[in-house]
Amino acid sequence: MPFLFPFEPDWGNSVQVEIAYKTEIIESRGYREQRFALRRQPRKTISFQVTALRENFLTFMRRIATQQQAEWVIPEVTRAAETSATAFSGATSVQIGSAQPWASVGSWIVIRASSGLLIRQLTAVAGAVLSFATPLPATLALGSEVYPGLIGRLSQSIRMKTPTNNIVQGTIELSADPGANVYEAETVAPLTFNGRELFVQRSNWGSVPSVDFEGFLETVDYGRGVVSHFIPVNWNVVKTQKEYMLRGPDDANEFTAFLHRMKGQQGEFYTPSGSMDFNLSIGALATEAVLDVPGSEVFDLYEESPVHKAIWVRFSDGSWQANRVLSIAMAGPNSRITVLDPWEQDVSSENARIVSWLSAYRLSVDTVSLDWLTKKVSRAKLTMQTVEDLV
């Protein structure tokens with residue numbers, strides 16, 4: 001049986017949860033990709049600062065010194081659920097407020113009781129009722145916290161500081177054992193568009209996004225004489241990094257479920273650029289299936305683009321509409337974008353807050369970290385890049 005790690009995070013510093021997938025990418029001469037997910041479930045690492053004082057100082061020094069290489073269970077205190085009924089002494093189940101994606105047969109949970117933390121392995125899960133074999137030693141009050149337990153091994157190189165002779169402080173890191181933990185099942189995307197997931201979560205503008213542009217120009221230079229340039233494809237990659245704020249376990253569960261559906265870099269999704277990409281001085285009326293933009297620039301730049309094939313509009317009342325681009329042509333001196341579905345509202349400067357290109361993306365990295373600032377608030381950065389919209 002694994003040991004319960006008894007030391008909780010020192011919230012003077014954040015708790016880092018790293019989720020890592022692995023993708024093999026095969027690229028063709030025309031820069032099209034085949035992407036294979038090499039992990040069905042992610043690798044997971046949790047790290048946080050521990051401060052052990054007085055009596056906990058000796059406990060920490062003894063346990064780590066003798067059991068550092070042992071199997072441990074760390075409670076994920078950032079994914080807490082609360083009991084919705086009192087569980088009496090001798091009970092072999094607890095009832096929480098709602099079913100949780102981390103609760104499944106064989107997984108570990110950690111219960112916060114009045115006497116301290118208790119570890120249990122689930123033998124049955126019936127909705128919000130979690131059952132285990134070992135009875136509770138005392139009555140568990142209504143509203144007690146229940147956490148998923150992450151089972152794994154501590155880093156074998158731990159450096160701590162001892163500011164006094166009864167204080168130890170440092171960072172603990174646990175890597176979850178892939179075969180020992182029971183991860184959540186893959187979920188259905190809550191929003192889809194044109195055969196892909198639609199990701200419309202707003203980013204945190206308190207953290208400045210970054211944008212990188214990557215072209216496919218190939219240059220042959222023999223070191224003397226003229227050089228030759230080749231353009232194998234008529235599109236470029238736009239790589240964007242944005243930060244997202246996650247408030248509470250439900251937000252975090254939805255975010256990590258999205259990562260699991262993408263399997264790191266393997267999956268594709270639609271997301272709007274988030275900027276005002278069109279001049280709406282002409283726009284479109286409700287029920288029309290076109291969008292007129294002044295001048296020829298939109299036609300000149302995007303008429304043959306394999307990336308810019310959809311538009312996303314957020315209206316003033318908070319609603320939004322995603323629409324497929326069928327064609328871009330000239331209508332007199334203006335660019336006319338013909339879309340698949342009629343607009344539900346006027347697309348005008350008075351009625352639309354944002355009108356953006358809705359491009360297909362994939363993640364640019366396999367590893368994403370959730371930085372928990374408190375038990376209920378975390379932030380995460382996603383780096384994503386455009387791909388050809390081949391659907």
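Analyst: L38 sits in the loop between β4 (33-37) and β5 (43-53), where strands are DSSP runs of E of at least two residues, helices are runs of H or I of at least four, and both are numbered from the N terminus. The model is a predicted one, in which local features need pLDDT of at least 70 and side-chain atom pairs count only at pLDDT 80 or more, while totals for chains, interfaces and linings use all residues. Residues are numbered from 1 along each chain as its sequence is written, and side-chain values use heavy atoms, with hydrogens and water left out.

With a relative accessible area of 46%, L38 is partly exposed, a class that lies between buried (under 20%) and exposed (over 50%), judged with a 1.4 Å probe and protein chains only. Together with I26 and F36, L38 makes a nonpolar surface patch of about 260 Å². Such a patch joins nonpolar side chains (Val, Leu, Ile, Met, Phe, Trp, Tyr) within 5 Å, from residues with over 30% relative accessible area and no salt bridge, and the areas come from the Shrake-Rupley method with a 1.4 Å probe.

Salt bridges come next, each being a side-chain nitrogen of Lys or Arg within 4 Å of a carboxyl oxygen of Asp or Glu. Side chains of opposite charge can pair when their charged atoms come close. The count comes to 19 salt bridges by this rule, and in one of them the side chains of E268 and R35 meet at 2.7 Å, N to O. Because E268 lies in the loop between α2 (249-262) and β21 (269-272) while R35 belongs to strand β4, this pair ties together parts that are 233 residues apart in sequence. E268 is partly exposed at 27% relative accessibility, whereas R35, at 11%, is buried.

Another salt bridge brings together the side chains of E145 and K375, at 3.9 Å from N to O. This pair also links distant parts of the chain, 230 residues apart, with E145 in strand β12 and K375 in the loop between β27 (367-372) and β28 (377-386). E145 is partly exposed at 21% relative accessibility, and K375 is partly exposed at 29%.

R261 and E197 form a further salt bridge, their closest N and O atoms being 2.7 Å apart; R261 in helix α2 and E197 in strand β16 (residues 196-198) are 64 residues apart. Both R261 and E197 are buried. Through shared partners, salt bridges join E33, R35, R196, E268, R324, R362 and D389 into one network.

Finally, the structure holds 3 cavities of 30 Å³ or more, a cavity being a set of points on a 1 Å grid over the protein atoms alone where a 1.4 Å probe fits but cannot get out, with lining residues having an atom within 4 Å of a point. The largest holds about 140 Å³ of space, and among its 15 lining residues W102, G149, L150, N181 and V182 lie nearest its centre. Strand β12 (residues 145-154) gives the most to this lining, with 4 residues. The lining of the largest cavity divides into 8 nonpolar, 3 polar and 4 charged residues. The second largest cavity has about 50 Å³ of space, and its lining divides into 5 nonpolar, 3 polar and no charged residues. In these counts Ala, Val, Leu, Ile, Met, Phe, Trp, Tyr, Cys and Pro are nonpolar, Asp, Glu, Lys and Arg charged, and the others, Gly among them, polar.

Technical notes:
1 Å grid on protein atoms, 1.4 Å probe; cavity = no way out; pocket = protein on both sides within 12 Å on 5 of 7 lines; lining within 4 Å. Points joined across faces, edges and corners; volume = space filled by probe spheres on them. Patch = residues over 30% accessible without salt bridge, like charges linked within 9 Å, V, L, I, M, F, W, Y side chains within 5 Å.
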